[in-house]
Amino acid sequence: MAKSGGQFEQGFSDTLKNRFESVLNNIREFSSSVDAKIRKKLLQAGPAFSPEKFIKFVVIPLLLIGFTLSFSIQFILFRMLPFLNSGWFQYLPIIIPLLCITIIIFYPRTIVDARRNDMNSKMHLYITYLGVLSTSKPTRRMLFHMASEKEDYGELAKESKNVFRLGDNWRLGYIKACRIISETVPSQTFADFLARIAHSFQSGEDSESFLTQEQKVVMNSFDAEYRGALYRVEGMKEMYTSLSTTLAFITCFGMLVPFITGQSLTGILYGIIMAFVFIDTMTFYLILTVLPKDDVIHELRIEKIGRASCRERV
């Protein structure tokens, strides 16, 4: 009996140990996946948006501002003006830190979305420019160097400069440089283009014929993405109409609640106003995120030529 009891205890301890190790392994895998996703998002936000700068210039200042304001309101303002410590104002010391934490969480995504929209909106112009350059049979170095000098293309020019630096300064070669940058850019269209141009470099395909074909591919992708964004905006419009109608019914019902329960109307009105403001703000943000940038006029620089130079050219 003593032997069987010892075997039971040994088996139970082994089972408990295995389960504990399994839980630890799951926690490590989850933390490593979360860390990889965060680092990828920070890389997609651009080379100037490193984790160190994000913590130093965004996380720490916002946390200090949030908790300092919360402390000041709770222990200074409410003691000086006690009548403010009522209604919705009494939740300000909690709302302000939560708002700062929310900004910290969503700020990198906002930067990534802005870079993605900038790349997607100028991708067709960028490919057309590369196609024009390819007619002069430039080298790979010259192709990316000239593309990186065109600041009018915004984030695409910056990423072209990164490809140029990796391929030329770091001596990685343009095939490997294009594949590395394709894994860190937020635009899937530009990432696919870099992967395809790396494959064309590796296979020895002619740059002019490749970029001519890429113009058709990118224009078709741009057209499909543009139409899809317009359809999403149409869906958001219907969602906003439905939410506004629902809030209007809630408002009508809220006006009747004080007559039934005797509750104060002030708190209900504050809640309804905050709900309307929240819905309007979120809808506006989502539309700005989804809607493709479509300038009425171009933003390219126009060279001014004087009369004397015009006469010389004539």
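This is a predicted model: local features need pLDDT of at least 70, side-chain atom pairs count only at pLDDT 80 or more; totals for chains, interfaces and linings use all residues.
# Space and salt bridges in a helical chain

Biologist: How many helices and strands does the chain have?

Modeller: Both kinds of element are DSSP runs, numbered from the N terminus: helices are H or I with at least four residues, strands are E with at least two. From the N terminus on, the order is α-α-α-α-α-α-α-α-α-α. The count is ten helices and zero strands.

Biologist: What share of the 314 residues counts as buried?

Modeller: Buried means under 20% relative accessible area, exposed over 50%, and partly exposed in between (1.4 Å probe, protein chains only). By the Shrake-Rupley method with a 1.4 Å probe, the accessible surface of the chain is about 21600 Å², with 65% of it on carbon and sulfur atoms. Of the 314 residues, the buried share is 29%.

Biologist: Among contacts between residues at least 6 apart in sequence, what share joins residues at least 24 apart?

Modeller: Contact here means heavy atoms within 4.5 Å. Of the contacts in the chain between residues at least 6 apart, those joining residues at least 24 apart make up 62%.

Biologist: Which elements give two or more residues to the lining of the largest cavity?

Modeller: The cavity has a volume of about 40 Å³, taken as the space filled by probe spheres set on grid points joined across faces, edges and corners. Its lining is Asn 120, Met 123, His 124, Thr 189, Val 218, Ser 221, Phe 222 and Glu 225. The elements giving two or more of these are helix 3 and helix 8 (207-261).

Biologist: How does the lining of the largest cavity divide by class?

Modeller: Ala, Val, Leu, Ile, Met, Phe, Trp, Tyr, Cys and Pro count as nonpolar, Asp, Glu, Lys and Arg as charged, and the others, Gly among them, as polar. By these classes the lining has three nonpolar, four polar and one charged.

Biologist: Which residues are closest to the centre of the largest pocket?

Modeller: A pocket is an open set of points with protein on both sides within 12 Å along at least five of seven lines. The largest one holds about 700 Å³ of space. Of its 15 lining residues, the closest to the centre are Leu 99, Thr 102, Phe 278, Thr 281 and Met 282.

Biologist: Which helix supplies the largest share of the lining of the largest pocket?

Modeller: By class, this lining has twelve nonpolar, three polar and no charged residues. Helix 3 (92-134) and helix 9 (265-290) each give at least two residues. The largest share, eight residues, comes from helix 3.

Biologist: How many salt bridges are there?

Modeller: A salt bridge is a side-chain nitrogen of Lys or Arg within 4 Å of a carboxyl oxygen of Asp or Glu. One of them pairs Asp 113 with Arg 109, with the closest N and O atoms 4.0 Å apart. By this rule the count is twelve.

Biologist: Where do Glu 155 and Arg 115 lie?

Modeller: Glu 155 forms a salt bridge with Arg 115, the closest N and O atoms being 2.8 Å apart. The pair links distant parts of the chain, 40 residues apart: Glu 155 is in helix 5 (residues 155-169), and Arg 115 is in helix 3.

Biologist: Which residues are linked with Glu 155 in a network of salt bridges?

Modeller: Glu 155 is buried at 15% relative accessibility, and Arg 115 is buried at 4%. Glu 155 also meets Lys 158 in a salt bridge of 3.5 Å, N to O. Lys 158 is partly exposed at 47%. The network links Glu 155 with Arg 115, Lys 158 and Glu 159.

How values were computed. Residues are numbered from 1 along each chain as its sequence is written. Side-chain values use heavy atoms; hydrogens and water are left out. On a 1 Å grid over the protein atoms alone, a cavity is a set of points where a 1.4 Å probe fits but cannot get out, and a pocket is an open set with protein on both sides within 12 Å along at least five of seven lines; lining residues have an atom within 4 Å of a point.
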